[in-house]
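Here is a short report on one model.

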Amino acid sequence: MERTSTANDLSDRLRRRLESERREIEELTASELKRLAENSRRVARNALTTIERDTEEAAGRVRELLVKTWLRPLIVGLSLWLGFFGGSWATMQWLSRSIQDRIEDISLAEIEIEGGREMIAEIEETTWGVGLREVNGVRYVTLPARTPVLTAFMVDGRPYVELSRR
C-alpha cells in the first residue's frame, strides 16, 4: 500500500524532526556549556592561583620593606641611646671617683695640717719658744718675747742672741 503524504503527516514529521533537532541542539548546547564551565573553572583556578602567588610575593616584599624601614631607625636609635647612656654612666662614675679622691685628699691634708699644728704647739711648748734663725749667713737664737736678757739687738719685738761660729 502506498501511502500518500498528507499535510498532517508532513506536519507531524516536520514537528518530530524539529523536536529531534531541538533535543540534539539542547544536548550539544548543554555539552558545550559543560565544557565551557570546566574551561572557565580551570581558567578561574589558574587566575586565582596566580593572584594568590603574586599577592604572597607582594606581601613578602612589603613585610621586608617594613622591616628594613623600621629596623634601621630602631637600631640607630637604640645605638644612640646605648651610647648616650653608657657615656653618661661612665662620665658619672669618673666624676664620682674624682670627687671622692679629692675629698679623701682634702681629708688627709686636713689631718696632716692638724698634726703639723699639734707638732708646732708641742715644739713651742718643749722649747719654751726658743728658735733658731739664719740671717745673711749669721746664725741666731731667738728667745721668747719679753725675755729679760741683754742681747745685741731685737727683731720683731724679740731679742736675738748671736751664736759663735765654732
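## Salt bridges

The count comes to 8 salt bridges (a side-chain nitrogen of Lys or Arg within 4 Å of a carboxyl oxygen of Asp or Glu). The model is predicted: local features need pLDDT of at least 70, side-chain atom pairs count only at pLDDT 80 or more, and totals for chains, interfaces and linings use all residues. Residues are numbered from 1 along each chain as its sequence is written, and side-chain values use heavy atoms, with hydrogens and water left out.

Arg15 and Asp12 form one of the bridges, at 3.0 Å from N to O. They sit 3 residues apart in helix α1, about one helical turn. Arg15 is exposed at 51% relative accessibility; Asp12 is partly exposed at 28%. (Buried is under 20% relative accessible area, exposed over 50%, partly exposed in between, with a 1.4 Å probe and protein chains only.)

## A charged network

Salt bridges link Glu19, Arg22, Arg23 and Glu26 in a network. Within it, Arg23 meets Glu19 at 4.0 Å, N to O. Arg23 is partly exposed at 44%, and so is Glu19 at 32%.

## Aromatic pair

The Trp81 and Phe85 ring centres lie 5.3 Å apart with planes at 10°, so the pair is stacked (stacked is under 30 degrees, edge-to-face over 60, tilted the rest). Both residues lie in α1, 4 residues apart.

## The helix

Helix α1 (a DSSP run of H or I, at least four residues) covers residues 7-127. Trp128 follows α1, with a positive phi near 60°.

Key: Helix = DSSP H or I, 4+ residues; strand = E, 2+ residues; numbered from the N terminus. Expected span 1.5 Å × (residues − 1). Phe/Tyr/Trp six-rings, centres within 6.5 Å; stacked < 30°, edge-to-face > 60°.
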